[in-house]
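Subject: Structure handover

Hello,

I am passing on the structure we spoke about. Please look it over; my notes on what was found follow below it.

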Amino acid sequence: MKRFVPFLLVIALGSMLAATAATAQEEIPPHPHMLVLGLEFDGEEAIGYRSCVDLAANKTLRLNAHHERMHFGRAGEALFSAGHAVVPGAPAFDLPWSNCEELIAFVFGG
């Protein structure tokens, strides 16, 4: 059976957790990020995407660089309003993916 999680829920949960963690950045383990481009939705259900990029060659970014700019503020809002999203990966927040291949398989079933 295909596992499906509404992509908006994943983004919202990740953003809420990252917002809480932004105040205590030392507690967040280093983690990779994926940039999902061209998200398509049918209501709240993610039904497609154009491409996925493992940011920084799937290496971790400085916490103050990504939490203040890519997930929140003008950069995060601009990305999402254009149909894109920066998604954190494991081990942060016990997420089951750590790269684009795993993220796309989890959300879109392959």
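The model is a predicted one.

By that numbering, N99 sits in the loop that runs between β5 (85-88) and α4 (100-108). A polar atom of the N99 side chain is 2.8 Å from the backbone nitrogen of E102. Leaving aside residues up to four places away in sequence, N99 touches M34, D54 and N58.

Next, the disulfide. The structure has 1 disulfide, and it links C52 and C100 with an S to S distance of 2.1 Å. C52 belongs to strand β4 (residues 51-54) and C100 to helix α4, so the bond ties together parts that are 48 residues apart in sequence. Why is this disulfide called left-handed? The torsion about the S-S bond of C52 and C100 is about -80 degrees, so that is its hand. C100 has a relative accessibility of 8%, and because buried means under 20%, C100 counts as buried.

β1 (33-37) pairs with β5 in the antiparallel sense over 4 bridges, and M34 has V87 as its bridge partner in β5. β1 also pairs with β4, again antiparallel and over 4 bridges; there the bridge partner of L35 is V53. How much of β1 is buried? The count is 5 of its 5 residues, so β1 is largely enclosed by the rest of the structure. H33, L35 and L37 point one way from the strand, while M34 and V36 point the other way.

Last, the nonpolar cores. The largest has 14 residues, and the members that touch the most others are M34, V36, V87, W97, L103, V107 and F108. β1, β5 and α4 each contribute at least two residues to this core. Which element gives the most to it? That is α4, with 6 residues. Another core, of 5 residues, lies apart from the largest one; its members include L35, L37, L55 and V86.

Regards

Key: Residues numbered from 1 in each chain as written. Predicted model: local features only at pLDDT ≥ 70, side-chain atom pairs only at ≥ 80, totals over all residues. Heavy atoms only, no water. Polar contact = N/O pair within 3.5 Å; in protein donor to acceptor, adjacent residues only side chain to side chain. Contact = heavy atoms within 4.5 Å. Disulfide = S-S within 2.5 Å. Buried < 20%, exposed > 50% of the residue type's maximum accessible area, 1.4 Å probe, protein only. Core = buried A, V, L, I, M, F, W, Y, C linked by side-chain atoms within 4.5 Å. Pairing = 2+ DSSP bridges.
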